[in-house]
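User: I would like to learn how to read sheets, domain contacts and chain interfaces in a structure; could you take me through one?

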Amino acid sequence: MAVLSVENLTHTYSVGTPFQKTAIRDVNLTITQGESICLLGHTGSGKSTFVQHLNALLQPTSGLVKIDGEDINKDKYTRRDIKRRVGLVFQYPEYQLFEETVAADIAYGPKNMKLPKDEIEDRVREAAGFTGVDVSLFDRSPLELSGGQKRRIAIAGVIAMRPEILILDEPTAGLDPAGSRTIMENIRAYREKSGATVMIVSHNMDDAARYAERLIVFSEGTVWMDGSPEKVFARTAELSEIGLDVPMAAELAEALRRRGIPLEGAIYTHEQLLNAVRRAGAVPAC
Amino acid sequence: MLKDITLGQYFPGNTVIHRLDPRTKLIFVLLYIIALFNAKGWAANGVMIAVTLLSMAISHISLKNIFKGLKPMMFIIALTALLNLFYTQGTPIREGWIITWEGIERSVKMMLRITLLITGTFLLTYTTSPMALTDGLERLMNPLKKLHVPVHEMTLMMSMALRFIPTLIEETDKIMSAQKARGADFETGNLIERAKALLPILVPLFVSAFRRADELAVAMESRCYHGGEGRTRLKQLHFTGIDFVALFLGLLLVAGIFVLKHYGL
């Protein structure tokens, strides 16, 4: 049971040069086992900087990051171990593929953990299964596959380390809708089967509404809001002020209400909208 | 870590030195180097130090930034100093010692010369954007076009290379972070292990560098780029009064150093 807590975290880039910039300021958060979180925020709001603190890739300028109450930056051993417990998939992860075969690339993480050979093979097969990478691709070069397939292989490379907390920075950026949906479904399935905490960094509100139970909204380097989708998406006007949208379904529901169709309850996914419209009797059930 | 590389870095500012025409700065640095290599005596070296410190003060570049740039050169500076210290003939500082008074003097002067040389050129890149620098260089080398030297192509390559240094550094940083997140270890192990650990960085870096080069070529062609012939510029370079003053001061410096050399100072 991993509990990750962040206390008064501040990070400043290039201290003491003309390029000095504070990316995140005084962030306090607690993430518990099994949560499904979406980290939202406009470009430059500090999301990516924040997540790189959670596995000690970046060290705080001030403040603490703790796992189960222990400082992850205590020494170089805790900094190494945290990378196995908190898996981070970067934006456009396909650009980090380098091995000659798909299987070898997925095995890179477990190999660095110095696991026995058959254990590595198990994990590669398991991770590939989670992300929908077919075994027939294992001996191909990752560089000659399509963008979506590369993305899946890169995500499998992190899942193969069996992290307790899996963080994905914009996992669907640059993919077509069908590709995005499969990847999001794969991630959901992974979370349900493994019980891992999953945190997705995104600015796609529809993904956030559909896949997350908790939303954390960043704005200008601070946590602007932290709560359930209902709570966050109720503040439509303020969200657009900080450069974010509400999900399409919420927008549509709002427009229908303005036209006098009485829709009940909080609506931010397509399913909720459809059900509410049916209940209101505006559409005959099909 | 990698972000601390200051090679060819530009510190934006609005001082007199920042505003000088890049051609002026290039010529001034050339004159400065000529003066530096003719500064033999202590008086002449003193003048060179004064000029360097003055330029730093005017351009608001701090000693700290200069030292940061000098750090990678420390080894060369130290080696030169040591060689001069032990291999200079003269009167030993004590009976039977190899180290001579002349050796000490010479090694101090050599250290000074290399340090000033690097500082002077750093001041140029710190105060001039890479674009302005290559523009200035192209204009200065323009006469060579008559001899069919591909000046435009050369400066274009140079400005692209300079332009991509920060991009590639950023990219390397990103790939390193990603591989570190997968448990890569670049700091421990013997030489062979460390060299092997670099492979996961170098392969993606080369792949992306080639991709970038390809994309850049397509982007240039689709905007009808066809070389330097008849090409106009957004920023025209103009000499102003202050440039002539700077060039005059540069010539004065060289003349002064030669006078001091003549009198053996």
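Predicted model: local features only at pLDDT ≥ 70, side-chain atom pairs only at ≥ 80, totals over all residues.

User: In what order do the 4 strands of the open sheet in chain A lie?

Analyst: Helices (H or I, at least four residues) and strands (E, at least two) are DSSP runs numbered from the N terminus, and two strands pair if DSSP finds at least two bridges between them. In chain A the order is 2-1-4-5, with antiparallel pairing. Strand 2 (21–31) and strand 5 (70–71) of chain A are at the edges with a single partner strand each, so one side of each has no neighbour in the sheet. Strand 1 (residues 4–13) and strand 4 (residues 62–67) of chain A run antiparallel and are joined by 5 bridges; within strand 4 of chain A, A:V65 is the residue opposite A:V6.

User: How is chain A divided into domains, and how much area do domain 1 and domain 2 of chain A bury between them?

Analyst: Domain bounds come from an automatic or database domain assignment. Chain A has domain 1 (1–89 + 163–177 + 192–229), domain 2 (94–159) and domain 3 (247–286). The centres of domain 1 and domain 2 of chain A, taken over C-alpha atoms, are 24 Å apart, and their contact (heavy atoms within 4.5 Å) takes 13 residues from domain 1 and 8 residues from domain 2 of chain A.

The size of an interface is often given as the accessible area lost when the parts come together; here buried area is the accessible area (1.4 Å probe) that two parts lose on being put together, summed over both. For domain 1 and domain 2 of chain A this is about 810 Å², with 72% of it on carbon and sulfur atoms. A:R84, A:V89 and A:L175 supply 45% of the area that domain 1 of chain A buries against domain 2 of chain A, more than any other three residues. Between these two domains of chain A the count of salt bridges is 0.

User: How many residues of chain B and chain A are in contact, and which side chains meet in a salt bridge?

Analyst: The contact joins 22 residues of chain B to 24 residues of chain A, and the two chains bury about 1900 Å² between them, 63% of it on carbon and sulfur atoms. The count between chain B and chain A is 1 salt bridge, and the side chains of B:R182 and A:D105 meet in a salt bridge at 3.1 Å, N to O. On the side of chain B that touches chain A, the elements giving two or more residues are helix 4 (63–70), helix 8 (151–181) and helix 9 (191–222) of chain B, and helix 9 of chain B gives the most, with 6 residues.

Technical notes:
Residues numbered from 1 in each chain as written. Chains lettered and ligands numbered in written order. Heavy atoms only, no water. Salt bridge = Lys/Arg side-chain N within 4 Å of Asp/Glu carboxyl O.
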